[in-house]
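Time to open the notebook and look a few things up.

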Amino acid sequence: GVLIGEGPGADEVALGEPFVGMTGEEVDQLLAHNSMARRRLTIANAMGCQPPPGMRTEPSMRAAAVACRPWMLSILKASVPLSTPTLAMGKWAGYLVTGKAKAIGDARGFVRYVNKRYRPLILTWHPTFALFRNPWVQADFGADLDRWARATRGELEPLPTAVIKPTLAQIRALADESFVSLDIETGSRKPELPWTGKDPTQASLKVIGLGTPDVGYAMWWA
């Protein structure tokens, strides 16, 4: 498996090793819990170095990630087969693999196939943020690492089939399933209005999703 972080911190620079210090110790415990040995993993970073802590603004981090990407990506491609399951921890780690810097709150939760090369790819929170700064996402980080570990061991469940325009017969067939999930997506009533979350007095229904472990149906609500 492949672990991708953001870049070396002070401990990593001092010791010349990746994922050391407090965050590295916590990640090691999670790896051990999932029967993953660090010596069998490929560990990479999105950046060869990072701006100093006081200068880690969005523009400076983006500039560093863009400058380092060709070099770091060439090292990664030369180190592991392109099909190796990859866990990208943080927005800039995800940028290394996908070329897109997406907010992890929007990007995580899926097993992705990127250009049919890095598969599967799981995007998750930066470990320091998840383990020390925001307890609300700590469980997400643990679940994502567990899923990546199962993918590395070949135990990941096959991806469900996605159907964008299901037929009436397909929807009726869900009545025979023992388990069906339901999800809805809402948006503002008009494009010029700001996003209102789940406020039923302001939002309008956009998409209804029905699914089983094997197939998911998404229906636009006109």
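Is phenylalanine 129 buried, partly exposed or exposed? I looked it up in this model, which is a predicted one. Phenylalanine 129 comes out partly exposed, because its relative accessible area is 29%.

Next I checked for ring partners. I found two aromatic pairs in the structure. In one of them, the ring centres of tryptophan 92 and tyrosine 95 are 6.1 Å apart, and the planes meet at 75°, so I wrote this pair down as edge-to-face. Both tryptophan 92 and tyrosine 95 belong to helix 4, which covers residues 91-98. They are three residues apart there, about one turn of the helix. I also noted that tryptophan 92 and tyrosine 95 are both buried.

Then I went back to phenylalanine 129. Its ring pairs with that of tryptophan 125: the centres are 5.5 Å apart and the planes are at 40°, so this pair is tilted. Tryptophan 125 has a relative accessible area of 16%, so I put it down as buried.

Tyrosine 95 had something else for me. The charged end of arginine 69 sits over its ring, 5.5 Å from the centre.

Last entry: cysteines. How many disulfides are there in the whole structure? My search gave zero. Why don't cysteine 49 and cysteine 68 bond? Their sulfurs are 5.3 Å apart, and that is too far for a bond, since a disulfide needs the sulfur atoms within 2.5 Å. For cysteine 49, the sulfur of cysteine 68 is the closest cysteine sulfur. I also jotted down that cysteine 68 counts as buried, because its relative accessibility is 12%.

Notes: Residues numbered from 1 in each chain as written. Predicted model: local features only at pLDDT ≥ 70, side-chain atom pairs only at ≥ 80, totals over all residues. Heavy atoms only, no water. Buried < 20%, exposed > 50% of the residue type's maximum accessible area, 1.4 Å probe, protein only. Phe/Tyr/Trp six-rings, centres within 6.5 Å; stacked < 30°, edge-to-face > 60°. Helix = DSSP H or I, 4+ residues; strand = E, 2+ residues; numbered from the N terminus. Lys NZ or Arg CZ within 6 Å of the ring centre and 35° of its normal.
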